[in-house]
Structures are given as structure tokens and as C-alpha cells.
Amino acid sequence: MSATRTLRALPTLLRVGVAETVAYRAEFLVWILTTTLPLVMLGLWSSVAAEGAFKGYTSAAFTAYYLSNLIVRNLTGSWVAWQISEEIRLGSMSMRLLRPLHPYIAFAASHLAAVPFRSVVVLPVAIVLLVSSGASALTTEPLQLAVILPSLVLAWVITFNVMFMIGSFAFFVTKTMALLNLYFGLFSLLSGYLLPIDLLPSAIGWFAEWLPFRYMLSAPIELMTKSLDSGEVGMILLWQTGWAIATLVLALLVWKRGVRKFEAVGG
Amino acid sequence: MIRARDLTKHFRVHKRPPGFASAVKSLFHRKYETVKAVDGVSFTIESGERVGFLGPNGAGKTTTLKVLSGLLHPTSGEVEVEGHVPFKRETELLEAITLVMGQKSQLIWDLPPSETYAMNRAVFDVPKDEYDKTLAELTELLDLAPLLDKPTRQLSLGERMKCELAAALLHRPTTLFLDEPTIGLDVAMQVAIRDFVRSYNQKHEATVLLTSHYMDDVVALCPRIIVIDAGKLIHDGDLRQLIKTMDPDKRVSFTLTGVTVSDDDLAKLGTLVTREGQRFSLKVSEDRIPSVVGHLLGTLKAADLAIEDPPLEEILRVMFGQSRTKATSA
């Protein structure tokens, strides 16, 4: 399908995606609630920093970190791996493959359509908390403020690509739950989801710099909460762009190889 | 045009006997078996033809349809649909074909069918005026008006099937792969779907390849049938000719009132096939039909007399039996 045709189809795909999101509202709300782990971690680390800064993190810095974490996670989280895996396992992927639109685009559109709804539920809570207790630890640097949105977009793309790739492995192994658990374990540790990357032991921190996880979550948080020079900001965006391209190529490659093995079970 | 040459599709299937011990054993050592779902099938279907694709369960019908529609890569052989290799799933091919599976839905489960239609319009890039015209036509032919805005999950099976057909045809495909499109539907709905498929075929000169376990669908729609069994093609040709070759005798059904006839009397007319109360069905050779019918109407005062071809189910049962015997002796 050509790029212009895809662009023409996009408004309808987004509109249908919104309708689907609204139809599954109860499940959607519960799913959002499952992404509130940063609030739990905030409680934990706030008590650690109550009597003084911990490795440079004051109580306000932890508040800013974990509430930014909550915002970024809600805006960039993806569940496409579950969808792809289920559709392959049950054979309903067949119907998607009969449409002249790459499933990558179809899934991306339906996920993008959900972003505003996730924002509506989570952002007001996070912003109120942030302004009331963590505002002093947020950046005011114009350069950092300017690149937060592109960084969020890149984080969304990397996360979506990685999840798309994991889901596509279902073409080879049918069920990808174990793979998802492994991924989520690594993600929790190396993306800054559980704790800031600079609090990790130095060897693990070094790995985190090179792997994609940091650029899926920690990168926009760092831009929101740290004081960085322009070189560091540039490097973050460069790494994110690199990983966005690399994960896209990998995701589409796994898909292409996998779809040859599709057995279109049932029916 | 659809062309398949020496088409094969094999699956590797994990085999394990039932029981706990086998389950544990299969963790360490798995046994696989190659299943030849389609085994060297060749046929050509010209544009505009309506062809029935028949075979017992597991014969390879659905697998063949999935290969033809590009969902499965063939293990070997050549396949061409409207000038394209299906598994490449090029846009031009996907716009030209459709696959309706009675047991799989393309409708978005929690949204009304109209949302799926809007999405298909966008994805297939159907111009708005053409879409409106096609949808209006389909709505009228399939009586969809009361269903368009109901969530799909609240539709009955028959209603959903009608909506599925519309979703599959909105982009006006010229090749229709229909896999059990009437499964689970009541007789009236089956007839409605059949009439609709025939009128779509005639209006758009569309090619139709249909699988169905309801032989009435096939008899009503398909002048030609392709029969496969255990992945191999066992017949390809005219339906009436097949019936004539396999069983040239006719079935004469009639009801007798006020007359008692013995089985010996009936045996003089033909072979008794069924007897339910006063309703009889006899197998009679074609050349004896005038005299037998004359006797039934004149002497026995038979009512509700009908002369029909033998049921396709019977013919197929014989065919599958012969094909199995051949395979065993080979």
C-alpha cells in the first residue's frame, strides 16, 4: 500500500481505533491502573530520602522522577505483543492479512488512537502531584523542554517496535508469554521503570546505556528531570533515533520471516 | 483466472498420546509427523466460473483456499490468482480477491458492522461515491439496514454472516473464495445467501470457488465441481456429468393413498431406496422412467410424484469410498 494511500486511510483508522478504545472502557481503565507501579516505587524511595538526599536524589527529585515515569509510561506503553500473539494463536490474524495494509500500520493506528484516552485518565493526577510536590526538580531549560515531545515520540516508536517484534515471535513459538515476562523483567530494571538508571550498580548501568530499554522510558524522564548540556541532549536523541530505526528494521524482519510460517489455524 | 499446478502444502504436527507420562515425555522428546494437507493438486478456473470445492473433513479444501488467498505459503507447486502469486500478497491481488470463512469473522467484535465497513473503505481506498453505491446495493440485497448500527457481538449467527459477506464484498472483488459461507444458518438464510452469491457472480462476472458441507449450496450454485480427498484431486468436471457417470439412475419419489403395495410389486418398478409410511423413493433407470411414472400415476394413483437426480451426498460417499480403496490397495 502506498504512503499516500496509507495517509488517506489514517484518519478512519484512528477514528475506529478511538471507537474500539471506548468500547473496551472497563478493561482499558484496569489496564491503566496496572501501570501505576511508579507510584508504589515513589512511596518506597520517598521514605528512603525522607532524612536526606540519597545518592543526590532528594524527596522532591524522587517525586519528579516517578511522576514523570508514570506520565511517560502511560503515553508510550504498548500491548501490541499480546494482540499479535493471540491473533496468531487463534488464527484471526488471517483476516488482517487479507487487507492491503501492513498490520504494523493497522496496529500502530489503533494504539495511537488510545493515547489521548490514557492521557485523560492519568495526566491530570500526575500533573497535580508534580506541581504540588516535585516542581522544583523539573527542568526549566528551553532546549530540554523543546525536545521532550520528540523524545516521547521516539520512546513510543521504540516500545511499539519491540512489542511488535515480540508478538511476531508467535509465528515461530505460538505463545509468547514467557518471552514477554523475560522482556518485562529486563525492561523494569534497565529502562528506569523501577529505579533511576544512575542508582543501578555501575556495571548494570553501563549495559543500560547501550541497550534500547533506557530509550523507551528513561530518556524522556531524564530530559524532564535532569540538568543536561546540549551535547548530552543530542546524544539522547541520537541514541533514540538509532534504536527507533534498528528496532523497526528488526520488527519488520521478524514479521516477514514469521508470516511465512503462519498456519492460519481454524476455520 | 485461478491456476494451481502440483500444489502441495505440508504441515509438521506434534504428536503425543494422551496421559501424564506422555506429557512429561514430550517435554524432552517430541515426535513430529508431516501431514500432507494438499498433495499435488492441479486445476484451472476461468474468470466468471462458479466452482464447488468438495471433500470430506480434513480433505484439504480450506488449506487450498488459504493458499489461493495468500495466507499460506505452499510447500511446493505453482499457484496463480488473477495473474499474481498469492503469498506475495500484492495490493492489486488483495483488492481483487476476498475470502469469507464461515467460522472466522473480520467484523470488529464490539463495534457495529458499519465501523468495519468504514475501515475497509479506507484500507481498500474505495472512492466515497462508489462505496455508498455498493453499500446501498448490498444493504438492499442482504436486508442489512436494521443490522448496520448494532454491535457485532449482539447479532445472531445468520445476521453476522450477512454482514460478513457485505464486509468482504465492499471493495467489489472479482474472485470470491467462500469457505462454508452458510454454516449454521437456517434454510431460509441459506437460500438468501445462495441467491445473493449467484446474483453477485452474474452482475460482476466474478469467479466463485465455494466449499460447503450443504450439498444444496453446491447443486444450486456450481455447474462445476472439484473433489479432493486426503489432499488429492479425485474429480474435476461438470456436476451433472459426474452424477450421470457415477449413478445414472433417477430417484422417483411418490406418496400412495388408499392403495397397498407389497415390496415385490415395487421391486418390479425399481429398487426401493426409502420407505417412510406411505412415502416411497425408488431408484429407476432413465429408460424406464416413462413406463414407471405412467404406472404410478395411472394404476396406483400416486400423489406428490417427483423425479430427481440421486443426492450428491450419495455420489460423494461412493466416490470417497472408491478413492480410499484405491489409496489402500496402492
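A:Ala155 touches A:Val72, A:Thr76, A:Tyr215, A:Met216, A:Leu217, A:Ala219, A:Pro220 and A:Gln240, leaving aside residues up to four places away in sequence; touching, or contact, means C-beta atoms, placed from the backbone, within 7 Å. This is a predicted model, in which local features need pLDDT of at least 70, side-chain atom pairs count only at pLDDT 80 or more, and totals for chains, interfaces and linings use all residues. Residues are numbered from 1 along each chain as its sequence is written, and chains are lettered from A and ligands numbered from 1 in the order in which they are written.

With A:Ile158 and B:Leu209, A:Ala155 touches the most other members of the largest nonpolar core, which has 130 residues. Such a core is a set of buried Ala, Val, Leu, Ile, Met, Phe, Trp, Tyr and Cys residues joined through C-beta atoms within 7 Å, where buried means that 20 or more other C-beta atoms lie within 10 Å of a residue's own. Helix α8 (residues 142-168) of chain A gives the largest share of this core, 13 residues; helices are DSSP runs of H or I, at least four residues, numbered from the N terminus. Another core, of 8 residues, lies apart and includes B:Val252 and B:Phe254.

Chain B is divided into domain 1 (2-243) and domain 2 (248-309), with bounds from an automatic or database domain assignment. The C-alpha centres of these two domains of chain B lie 40 Å apart.

Terms used: Buried ≥ 20, exposed ≤ 12 C-beta atoms within 10 Å, placed from the backbone. Helix = DSSP H or I, 4+ residues; strand = E, 2+ residues; numbered from the N terminus. Contact = placed C-beta atoms within 7 Å.
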